[in-house]
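Colleague: I would like to learn how to read a model such as this one, feature by feature. Could you take me through it, giving the general idea before each case?

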Amino acid sequence: MTEVRPGAAASASLWERDEEITAVLEAVETLCADRSSSGGLLVFQGEAGLGKTALLAETRRLAQQRGCTVWSARGGETLRSVPFNVVRQLLQPALVSLMPEEAREYLGDWYDIAGPALGIAEPGDRQADPQGVCDGLVAAVRRLAKREWPLVLLIDDAHWADEETLRWLAAFAERLDDLSVLVAVARRPDESDGDSARRLDAVAAAAGVSDLSALTPDATAGLTRATLGAHADAAFCREVWAVTAGNPYETVELLAKVQDSQLEPAEAHAGELRALNRSARGGGLVARLEELGIDATRFAWAAAILGTDISVDLVARLATMGREDAVRCAELLRGARILTDPDPATGRGGDGDLEFVHPLIATAVYNSIPDALRTAMHGIAAQVVTDSGLGAAAASRHLLQVHPDDDEELVEQLRAAAREHLAVGAPDAARRCLERALLEPPVPEVHARVLYELGCATLLTAPATTIGHLQTALGMPGLDGAARVDAVCRLSQAMLHNNQLEEAVRTVEAEAARHEPGPVRLRLQAVQYMWEGLYAGETGSPDRSERLAALAAGCTGRDNSERALLILRGFDAMTRGENAEEVVEVCDRALVNGRLAPGLGWTDPEWGIELLLMLAGAYAYSDRLDRAEALYAEGLRAYETAGWSGGHLALAHAYVGLGQRRRGRLREAETSLRESLRLAERVGRGLPLYWTASCNLVDTLLARGHVEEAWEVAERYGFAPPYPSTIVIPDPRSVRGRLLLAVGRTKEGVNELEAAEKAAAVRGHHNPVMVPWAADLARALATEDPARAGRLAADVRRQAERFGTDTAIGEALRCAAALETGQRAVRLAAQAVTYLEASPCQYEHAAARVEYGILSRSVAELDRGLTLARSCGADGLVAQARQVLESGRGLR
């Protein structure tokens, strides 16, 4: 049994907590042992009053004894709607203590991303990416931990933490291996649900969890005697345990009541304990509060409404009383153990003079406020907070509690709060504000705009919800002009992200038909062609391509709609295998002095990432890898700088990997693609970006000769039919077919490649490099059906010569050489080397060199191929070349 000083209420809940304290000591010692030690995570879990807060206090004491820096924060039942509330409590005091330039130096590139969420920097004018902000907060702790080592973070009442903090905490828990920080979390089980519960469970799964239990009768007796004196008899002690069920907090409160009433701790008075216990909790607490008078009751109610940063002045304004009366009430409530002074040892930030003694008391007081009065007080609190200069976002948690009343001003306040929430990366908070604004309801001319704003707020997090909001908004009056066009484009984008690409195309097409020829219609047509260009199931491609070519022919690139159409025309021509020089010329016309035009950047919201990936893809497969790689690198930098850590960053890494794969830097490509998949896992499986990452990784591993690893990746990440409704580059059926052939499942591989043939025919995709099914199918059929294999190889060569790139022609010649024997095979292989030597694709060049060396039995050519293969990281080619060289048979 843990020793405590008699009467030491702060330590009372440490009785029978030896195991937990030992775990704390071990975690602190591990942290302090070495600056490079990995982080630690402790979770104390139990019902209210079982001593979680006391264990955190003991953790603080033990950590500070070892010279640790300790920061702490606490969730609040009425504060769950306040985004970043808990993480701000935790980190803000340390950051505010720094000079602005110091804070910027410590946070580096993350300052502009995480700073607004922490309240130490002004937000930008764009909607912040929630995942980027979350990563920024993790990075902030990593950097502060190096400065403040050894650092301990304490989070109490995590079950009441806001969603944004829990997102950060869950991400933080995953990365403790490279974070030298000890985190201790206290939570009640079954007090949260949905995403909050899932995130808290993830934190618990990564931690050493201590499930706290009630005190035993012996411990309760020991605590009773330590508090009241050794003369407390056994019967009295047993009744204390029976009345409180061994709950440490209730035991401490009951014993304090016994002391206050000067009750003798003897069996004769044991019957009075139940009445005393009732007065310390629930209805008894409310009655005790009422005994203090109406002013003290009003003061306590106002404090419960505020919930945090409880200052006497702010409570006085909310309770409409003078400062002198407010000070008197505060003293009464301190004496009654309802309010107390904040413990300076906790180091929690804020402007409060007071806090509730225990969350159970705060909850009881808040629930005791009559419903109508509670609602009215929240309305007053919103005004008080606003008048204090804290902004619409700070007032919004109170506005959410006000009854709907056709209040136009309240609607505008909530809209303003939503904009502030979006700017710091809290779309869920913005959604709550806008959904509440709709209940008011807004006046008819504003209603559609609120729905539109709600759709924009949920676009990144809930595409299906966005679709409903925007469709409703577009069906109402009040959304006209540019706002309506933007709403249609965003609706189509949400449909794309929700795998409803055909509906996206039809939606934009219908809106375009409503407009006369001009810039607006041209923009809508460009969006329509963009989605059609991404739709893997579209038929009638020749007619579409002709219409697109005719529309783009009149475009000079004078505005972004025309530039978009030029990009779309270039991408379409590339996929169809039209002349590559013309593809590049059309794409170049979409640029301004060789760069992306203003408004067409990677983070500009009007057009989105898809258009720029089409531009870069057109360059990549037209042998202008220099331009493609520059675009991919620019996109990656833009998203990292802006803190966009979700789907956009995942796609950026995937396409950087694609560029590296095309260049022949296979090791670097694998690294980029694995990072893309890691990010894509956080966004969600089955989305187009997930397919892009997994398809390119399998393709890269096959090029490296790591066949078993490629198969394992395909199995783990679901790289198999059914395929997505959007096109993926390179063609996933072709890559899957090549994979099946590589693992010896020849019949299945042939079937997959024939399926790729049919899908390409439907789409009109005849670029033999982007959709390489034919060359692989020809090789697979060489023995079984040589005539068909020959026809396929001839078709590949025809299409390659039509497209005209060195890579396409060289690859077609490689395929032809594989089907021939003797000197004809040697001549074709030599021609393939000549073309691929001029190509930017070094892996294909290496493969051609090795194949030519084997056919010609040339040691010199094999050596050149071996050197190239090593530089690419093509281990399979290296092994093949070395095996032939080491055998030495017939070589010259």
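Modeller: Let us begin with strands, which are DSSP runs of E with at least two residues, just as helices are runs of H or I with at least four, both numbered from the N terminus; two strands pair if DSSP finds at least two bridges between them. This is a predicted model, in which local features need pLDDT of at least 70 and side-chain atom pairs count only at pLDDT 80 or more, while totals for chains, interfaces and linings use all residues. Residues are numbered from 1 along each chain as its sequence is written, and side-chain values use heavy atoms, with hydrogens and water left out.

Colleague: Which residue in β5 stands opposite V43, and in what order do the strands form the sheet?

Modeller: V43 stands opposite V209 in β5, and strand β1 (residues 40–45) is joined to β5 by 4 bridges, the two running parallel. The open sheet has 5 strands in the order β2-β3-β4-β1-β5, with parallel pairing. Because β2 (69–74) and β5 (208–211) stand at the edges with a single partner strand each, one side of each has no neighbour in the sheet.

Colleague: How should I read helix packing?

Modeller: Two packed helices are described by the angle between their axes and the distance between the axes. Here the axes are lines fitted to C-alpha atoms, for helices over the stretch in contact, and angles run from 0 to 180 degrees between N-to-C directions. Helix α6 (residues 111–118) and helix α7 (residues 130–148) pack at about 90 degrees, with axes 8 Å apart, and are therefore roughly perpendicular (65 to 115 degrees). Their contact, meaning heavy atoms within 4.5 Å, is made by I113, A114, A117 and L118 of α6 and G132, V133, G136 and L137 of α7.

Colleague: And which partners does R415 have in salt bridges?

Modeller: Side chains of opposite charge can pair when their charged atoms come close. A salt bridge is a side-chain nitrogen of Lys or Arg within 4 Å of a carboxyl oxygen of Asp or Glu, and by this rule the count comes to 64. R415 meets E412 at 3.1 Å, N to O, and also E453, with the closest N and O atoms 2.4 Å apart. E453 lies in helix α23 (residues 444–458) and R415 in helix α21, 38 residues apart, so that this pair links distant parts of the chain.

Colleague: Is R415 buried or exposed?

Modeller: Buried means under 20% relative accessible area, exposed over 50%, and partly exposed in between (1.4 Å probe, protein chains only). R415 counts as buried at 10%, whereas E412 counts as partly exposed at 37%.

Definitions and conventions
Parallel < 35°, antiparallel > 145°, perpendicular 65-115°, else oblique.
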